Amino acid sequence: ERVSLPGEFEGEKLVAEPLTEREAAFAADFPGTIERFRAGKQVVILRWSDRATHRVHSAATCLAASGWSVEPLQAERRSSGDWSRFRAAKGGETLLVREQIRAADGTTIADVPSWFWSAFLGQTKGPWLVMTVVARSAAMD
C-alpha cells in the first residue's frame, strides 16, 4: 500500500496532468509509479517505490544531465517536514525545486542519498513517496 495524499497540496487542489515524454520514458523502468499534478502554479511530481533503488534519484541529477545548471539552496523546514532545495537554470528559464521523501509511517527525509541508505539498511520502512515540487517563480526563496 502506498503513502496516500489528500486531494490538495499546500492548500491548492491537485489536478492530474499527463507525464511528459521524458517522465514517461523514465517511468517505464521505474520500480513503482509516477504521477504528475499541478497545484496552483507549482508542478508536483509524485514517485512511489516500495524498495530502496538507485532509480530514485534527485531531480537535480536529471536536470543537470539535461543541460541545466543546478545550484543547491539551503534546506527548508515546513510543517510537512524537511525539504531539500535547489535552483536550476537553462536558456533564461529558472526553476525552484524542492524534494522530500515520506515513509509510510510519516517520517520525512529531505535528501535522496540519506533516504537510500536508511531504506537499504532497513532504518525506514516503505512504501515511500518521493515528492518533487517545481515552481517557476522566486516564491520559494
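Helix α2 contributes the most to the lining of the largest pocket, with 4 residues. The structure is a predicted model, in which local features need pLDDT of at least 70 and side-chain atom pairs count only at pLDDT 80 or more, while totals for chains, interfaces and linings use all residues. Residues are numbered from 1 along each chain as its sequence is written, and side-chain values use heavy atoms, with hydrogens and water left out. Helices (H or I, at least four residues) and strands (E, at least two) are DSSP runs numbered from the N terminus.

The largest pocket holds about 660 Å³ of space. Its lining comprises 23 residues, of which Arg-22, Glu-23, Ile-45, Cys-62 and Leu-63 are the closest to the centre. Two or more lining residues come from each of α1 (21–28), β3 (32–39), β4 (42–49), α2 (59–65), β7 (93–102) and β9 (128–135). By class, the lining has 11 nonpolar, 5 polar and 7 charged residues; Ala, Val, Leu, Ile, Met, Phe, Trp, Tyr, Cys and Pro count as nonpolar, Asp, Glu, Lys and Arg as charged, and the others, Gly among them, as polar. A pocket is an open set of points on a 1 Å grid over the protein atoms alone, where a 1.4 Å probe fits, with protein on both sides within 12 Å along at least five of seven lines; lining residues have an atom within 4 Å of a point. Grid points are joined across faces, edges and corners, and the volume is the space filled by probe spheres set on the points.

The whole structure contains 11 salt bridges (a side-chain nitrogen of Lys or Arg within 4 Å of a carboxyl oxygen of Asp or Glu). In one of them, Arg-36 and Glu-23 meet with an N to O distance of 2.6 Å. This pair links distant parts of the chain, Arg-36 in strand β3 and Glu-23 in helix α1, 13 residues apart.

Arg-87 and Glu-71 form another salt bridge, at 3.2 Å between the closest N and O atoms. Arg-87 lies in strand β6 (residues 81–90) and Glu-71 in strand β5 (residues 69–78), so the pair ties together parts 16 residues apart in sequence. Arg-87 is partly exposed because its relative accessible area is 21%, and Glu-71 is also partly exposed, at 40%. Salt bridges with shared partners connect Glu-10, Glu-76, Arg-78, Arg-85 and Arg-98 into one network.

On the surface, Trp-117, Phe-120 and Leu-121 form a nonpolar patch with about 380 Å² of accessible area together. Patches are made of residues with over 30% relative accessible area and no salt bridge, like charges being joined within 9 Å and nonpolar side chains (Val, Leu, Ile, Met, Phe, Trp, Tyr) within 5 Å. Accessible areas come from the Shrake-Rupley method with a 1.4 Å probe, and for residues only the protein chains shown count as cover. Phe-120 belongs to helix α3 (residues 112–120) and is exposed, at 52% relative accessibility.

Methods: Buried means under 20% relative accessible area, exposed over 50%, partly exposed in between (1.4 Å probe, protein chains only).
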